[in-house]
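Dear colleague,

Please find the structure below, handed over for your own work.

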Amino acid sequence: ISKGEGGADWLEGQCPFWKKNGYCQFGIMCRLGEDHINMSTGQNLCRTIDESGNETIGLPKPVVQSAEASSFSEAAEKPKPGTVLKHQMDIKNVLSKETTNLLRKNKYPFVCKRHYEIKKGSKDNKGQAAPPVVTSTTPALPAKERKLIDFRDKVYVAPLTTVGNLPFRRIMKHYGADITCGEMALCEQLLKGQPSEWALLKRHPSEDCFGVQIAAGHADQFTRLAEVLANEESIEVDFLDMNLGCPLDLVCNKGAGACLMLREKKLRASLEGMLKVLNCPVTVKMRTGWKDKEPIAHHLQRNIQKWNIDGVGAFMLHGRSRLQRYSRSANWDYITEVGCSQSSEFNNIPLIGNGDIFSYSDYEEKILKNVEKCGEDGGVNNLIPCAMLGRGALIKPWLPTEIKERRDWDISATERLDMLKDFTKFGLEQWGSDQQGVNRTRRFLLEWLSFLHRYVPVGMLEVVPQQM
């Protein structure tokens, strides 16, 4: 991919695994393997540094020379499928192989029963005293103090399905994002041990404050996943975000996403089950309601507040309904109304508004002024100054810098190209430098470019800032 007409010359000789670790496990399959492949023998080389700092390039340890022949053969300690390789050691939240096998074989020792098991048990015991049903449990790990997240005056990159992947979040951290969150993951697939779904929970070391977003239609699914997260030592999350806003039919038809806003009993059972197990806060991401003219977020927020469940960290309200999806403008007047609608009789829960933040001017007009307005009316001020970015971050990844420095950044074409180069390198590190990894990196790069191409340079605009 670095040779020939139209080749990426800037990638030549830059295999990310060779450069970082001195060894590339993809060997001759690596598309950038000129530096670590012996072209005469086709052997994969390894770079080592001794105690004196001398660099040596030779054969890796798993490859030994036979005493009877000059040919090389692999040693018995060849890594088995599923083994965490050296280049993956930096990535956090990798589910252990043992837990994956237990989930796949449906043998994980859950305490919370499935909803159909509870119903079946109640039918079998008709006329008898019903035994107590355990719906949740404390984690097997020692209980820790729950640390709430302070979202105030932070830039938070919202969960973005498909495009909010780990390489993109690394770009956002480079431009000043404070809080990041993984892509929406479905509980049903996570509880089956699906590797592609667990990959959505992976975390890079640069993500110092990181959350995961999950969607499900039943309380037992939420609670069971919370058990896995609490018991798995390799999983580190700062908060868990419940998805009550996904408008996709595939998700809503299962009772999850925006549909869960209409099922308050299941929502309450889900919150109670998870927060009895988890030692991190749970946030609730929702929309204004199902229909445009029938908003219900203010009622739902007040009901959750009345349930008085300890550990609800924040509400996150997208100013559009489920049927509206992403069309028309977000309703910030309603978001402000919801911010002032909580009861003073119960503990206040912070509210974060979301929708159409595309510049510092938008942040100032739609968030900062509404925060002040909410306080002037004499009500409880629960809308907090937090810049929650969605599509704006995809079109302008440098938006966190603009918000923090309070300016419109006329970023140069060279800087934007360097950003794409960084994404490509991060993508090859994440998905591999073989043909499959290159194809996957290209696919997600094109997904991102479908948003990024909408940016118009500041110098070409008649009116600043650009509108979404």
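One cavity of 30 Å³ or more is present in the structure, which is a predicted model. The volume of this largest cavity is about 50 Å³. Its lining is made up of Lys396, Glu402, Asp408, Tyr455, Val456, Val458, Leu461, Val464, Pro465 and Gln466. By class, six of these lining residues are nonpolar, one is polar and three are charged.

Two of the residues that line the largest cavity, Lys396 and Glu402, also pair with each other: their side chains form a salt bridge, with N and O 3.0 Å apart. Lys396 and Glu402 are both buried.

Sorted by class, the lining of the second largest pocket comprises 15 nonpolar, 10 polar and seven charged residues. Elements that supply at least two lining residues each are β9 (282-287), β12 (387-389), α13 (391-395) and α16 (435-452). The largest share, three residues, is that of α13.

Next, the salt bridges. The count is 19.

- Arg47 and Glu55 form a salt bridge in which the closest N and O atoms are 3.9 Å apart. Glu55 counts as exposed because its relative accessibility is 52%, whereas Arg47, with a relative accessible area of 19%, is buried.
- Glu188 and Lys192 meet through their side chains at 3.9 Å, N to O. Lys192 has 47% relative accessibility and so counts as partly exposed; Glu188, at 31%, also counts as partly exposed. Glu188 and Lys192 belong to a network of salt bridges that includes Lys254.

Last, the cysteines. How many disulfides does the count come to? The count is zero. Cys15 is buried, at 1% relative accessibility. Cys246 is likewise in no disulfide, the nearest cysteine sulfur being that of Cys252, 6.0 Å away. With a relative accessibility of 8%, Cys246 counts as buried.

Regards

Technical notes: Residues are numbered from 1 along each chain as its sequence is written. This is a predicted model: local features need pLDDT of at least 70, side-chain atom pairs count only at pLDDT 80 or more; totals for chains, interfaces and linings use all residues. Side-chain values use heavy atoms; hydrogens and water are left out. Helices (H or I, at least four residues) and strands (E, at least two) are DSSP runs, numbered from the N terminus. Ala, Val, Leu, Ile, Met, Phe, Trp, Tyr, Cys and Pro count as nonpolar, Asp, Glu, Lys and Arg as charged, and the others, Gly among them, as polar. A disulfide is a pair of cysteine sulfur atoms within 2.5 Å. Buried means under 20% relative accessible area, exposed over 50%, partly exposed in between (1.4 Å probe, protein chains only). On a 1 Å grid over the protein atoms alone, a cavity is a set of points where a 1.4 Å probe fits but cannot get out, and a pocket is an open set with protein on both sides within 12 Å along at least five of seven lines; lining residues have an atom within 4 Å of a point. Grid points are joined across faces, edges and corners, and a volume is the space filled by probe spheres set on the points. A salt bridge is a side-chain nitrogen of Lys or Arg within 4 Å of a carboxyl oxygen of Asp or Glu.
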